[in-house]
Amino acid sequence: MDERSLSRWLDRQMSDEEGRKFVASLTEEDQHEALALATLAATAADLPAAVPSDGFAGRAMARVRTRRPPRRSVWSWLRAPALSPLAAAAGVLLVAAGAFGLAHLGSPPSARPRPMAVVARLAYRAPLAREVAVAADFNGWKPEVARMRRGEGGVWTVEVPLSPGQRYEYMFVVDGQWVTDPNAPASVEDGFGGRNAVLEL
Amino acid sequence: MPGAAFSDVIDTADRDAVERVLDGDTESFASVVRRHGSGLVSLCARLVGDRHQGEELAQEALARAYSSLGSWRGEAGFRHWLYRIARNCCRDYLKAGARAESPGDLGDEPATERNPERELADRQLGSALHVEVARLAPAYREAFLLFHAQGMAYDEIHAITGVSVAALKVRVHRARLMLRRALGNLVDG
């Protein structure tokens, strides 16, 4: 049986007509297998979905109120980085370059003392890549937040403001593929069969 | 297209709520909880295989999202951003080894009305599938559940997990084949 066609049929990516032709082309034994897999998929679709219990919204808001209120972010600074590019070595992670009060990064004034941020530069060499980004726990695992810039020799870089004394996990996203930094000093299992690079400041 | 218009309305409402919260109105986040609470509970319960833990993780995801609202960039879909946080909460929970070996309660049993024999067979298959899905490796379990049980499209799963669509298709298909082998005669109908 053509596994690719079987997968497309089970994924509902064939038209009705195409699906009928595919099933008709199968041997009786393969038809039996295909229908068993379709039954399995339909059963999964019917598995009961969990619904919030009474009072969920109230409990969720009670937890929300215990958390630090959000502030307009340094990401607005990150979108227009003011740092000049360093000559980043291929595939090397550089932690740079001084400490800044967040007030220097455009946040609104506040009476509270502001934590200091270290600017870390992440670098990854991928000369043939069209797009490289970093996804990490410090940006909610959102690669679109921290797109990297292509530099000389196909070295992609991005600067991110991080807190000293913290431990961060991150991955590079190279043309949609999540890649562990090969030069990270440490990595940990991500629970999904891959490994996150670890950065400790 | 009504679906797209509805999504636009939700998206606009989310953006408005985010702006109000960032202006200091914490209580505006309640509208985010109302709009997305059910979806998050369903998602988390699927991923960890337990309704009560799913609800706990959904609450945690909402709280983390609240504190991180400043890092959400408007061009990325809010719902996908929220779901990604929830997925990572589940991932952290599973990584910590807290998941029970046997699958937990996922929800109320569907009501049985007619054809009791068929209902019994379906329920047996559903229960067996629930058990076997919980035994899959995390990457396969996640892809299978999001596609077949949550009914998400591949590009939506990609937006939440960061896994490429091609890799997701392979994972889902391999998961189906593994489950087929594990369930044997139960799916021969």
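Visitor: Which handedness does the crossing have where α6(B) passes α7(B)?
Guide: This is a predicted model, in which local features need pLDDT of at least 70, side-chain atom pairs count only at pLDDT 80 or more, and totals for chains, interfaces and linings use all residues. Residues are numbered from 1 along each chain as its sequence is written, chains are lettered from A and ligands numbered from 1 in the order in which they are written, and side-chain values use heavy atoms, leaving out hydrogens and water. A crossing is left-handed if the near helix is turned anticlockwise from the far one by less than a right angle, and right-handed if clockwise. α6(B) passes α7(B) in a crossing that is right-handed.

Visitor: Which residues of α7(B) does α6(B) meet?
Guide: Helix α6 (residues 138–149) and helix α7 (residues 154–161), both of chain B, have axes 10 Å apart (lines fitted to C-alpha atoms over the stretch in contact) and pack at an angle of about 135 degrees. That makes α6(B) oblique to α7(B). The α6(B) side of the contact (heavy atoms within 4.5 Å) consists of E142(B), A143(B), L146(B) and F147(B). These meet Y154(B), I157(B) and T161(B).

Visitor: What is the orientation of α1(A) and α8(B) to each other?
Guide: The axes of helix α1 (residues 3–10) of chain A and helix α8 (residues 165–183) of chain B come within 11 Å and cross at roughly 95 degrees. Angles of 65 to 115 degrees count as roughly perpendicular, under 35 as roughly parallel, over 145 as roughly antiparallel and the rest as oblique. α1(A) and α8(B) are therefore roughly perpendicular.

Visitor: Which residue of chain B forms a salt bridge with D11(A)?
Guide: Between chain B and chain A the count is 8 salt bridges (a side-chain nitrogen of Lys or Arg within 4 Å of a carboxyl oxygen of Asp or Glu). In the one formed by D11(A), the closest N and O atoms are 2.8 Å apart. R176(B) is among the α8(B) residues that meet α1(A). The partner of D11(A) is R176(B).

Visitor: What area is buried between chain B and chain A?
Guide: The contact takes 66 residues from chain B and 57 residues from chain A. Carbon and sulfur atoms give 57% of the buried area (accessible area, 1.4 Å probe, lost on putting two parts together and summed over both). The total is about 5,700 Å².

Methods:
Axes fitted to C-alpha atoms, helices over the stretch in contact; angles between N-to-C directions. Helix = DSSP H or I, 4+ residues; strand = E, 2+ residues; numbered from the N terminus.
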